Amino acid sequence: NARGIGVADNIPYAWTDTGARTMNLHGTAKGRNAVCIEVRNTLLTEVDDQPRILSFLTEAFKEVAGRL
């Protein structure tokens, strides 16, 4: 749970079920880092939800980019 947002694997599905081809084709096969992000619709039901999710993802990307 990060900043009130649950972060977890997409159960019962694995990223390889949906994002593997694109991530491999455009990312890992070319030696690039790749990520697949899915946001549940239930997290976007209120007017303020989109900016909150955007802020969360922006900060997460900044943190990860600083480690690369």
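Helices here are DSSP runs of type H or I with at least four residues, and strands are E runs of at least two. Counted this way, the protein has three helices and zero strands. The model is a predicted one.

## Overall picture

Along the sequence, the pattern reads α-α-α. The protein has 68 residues, and 12% of them count as buried. Its accessible surface comes to about 5,900 Å². Carbon and sulfur atoms hold 54% of that surface.

## Helix H3

Helix H3 covers residues 49-65. It has 17 residues. From its first C-alpha to its last, H3 reaches 24 Å, close to the 24 Å expected at 1.5 Å a residue.

Which residues of H3 are buried? They are Asp49, Ile53 and Phe56. These residues cover an arc of only 60° around the axis, so they sit on the same side of H3. A general rule fits here. An α-helix has 3.6 residues a turn, so residues three or four places apart point the same way.

The face of H3 turned away from the buried side looks different in its listing. It carries the exposed residues Gln50, Leu54 and Lys62.

Asp49 lies in helix H3. Is Asp49 buried or exposed? Its relative accessibility is 10%, and buried means under 20%, so Asp49 counts as buried.

What does Asp49 touch, leaving aside residues up to four places away in sequence? It touches Leu43 and Leu44. A polar atom of the Asp49 side chain also lies 2.9 Å from the backbone nitrogen of Thr45.

Arg52 forms a salt bridge with Asp49. Both residues lie in helix H3, three residues apart, about one turn of the helix. Arg52 has a relative accessibility of 35%, so it counts as partly exposed.

## Salt bridges

How many salt bridges does a search of the whole structure find? It finds three.

| Pair | N to O distance |
|---|---|
| Arg52 and Asp49 | 4.0 Å |
| Glu59 and Lys62 | 3.7 Å |
| Glu63 and Arg67 | 2.5 Å |

Take the pair Glu59 and Lys62. Their side chains meet in a salt bridge. Being three residues apart in helix H3, Glu59 and Lys62 are separated by about one helical turn. Glu59 counts as partly exposed, at 38% relative accessibility. Lys62 is exposed, with a relative accessible area of 52%. Lys62 is also among the exposed residues on the face of H3 turned away from its buried side.

Now the pair Glu63 and Arg67. Glu63 is partly exposed, at 48% relative accessibility. Arg67 is exposed, with a relative accessible area of 64%.

Where is Cys36 found? It is in the loop between helix H2, residues 20-26, and H3. Its relative accessible area is 43%, so Cys36 counts as partly exposed. Met23 lies 13 residues away from Cys36 along the chain. The C-alpha atoms of Cys36 and Met23 are separated by 7.4 Å.

How values were computed: Residues numbered from 1 in each chain as written. Predicted model: local features only at pLDDT ≥ 70, side-chain atom pairs only at ≥ 80, totals over all residues. Heavy atoms only, no water. Buried < 20%, exposed > 50% of the residue type's maximum accessible area, 1.4 Å probe, protein only. Polar contact = N/O pair within 3.5 Å; in protein donor to acceptor, adjacent residues only side chain to side chain. Contact = heavy atoms within 4.5 Å. Expected span 1.5 Å × (residues − 1). Arc of directions from axis to C-beta. Areas by Shrake-Rupley, 256 points an atom, 1.4 Å probe, with all protein chains shown as cover.
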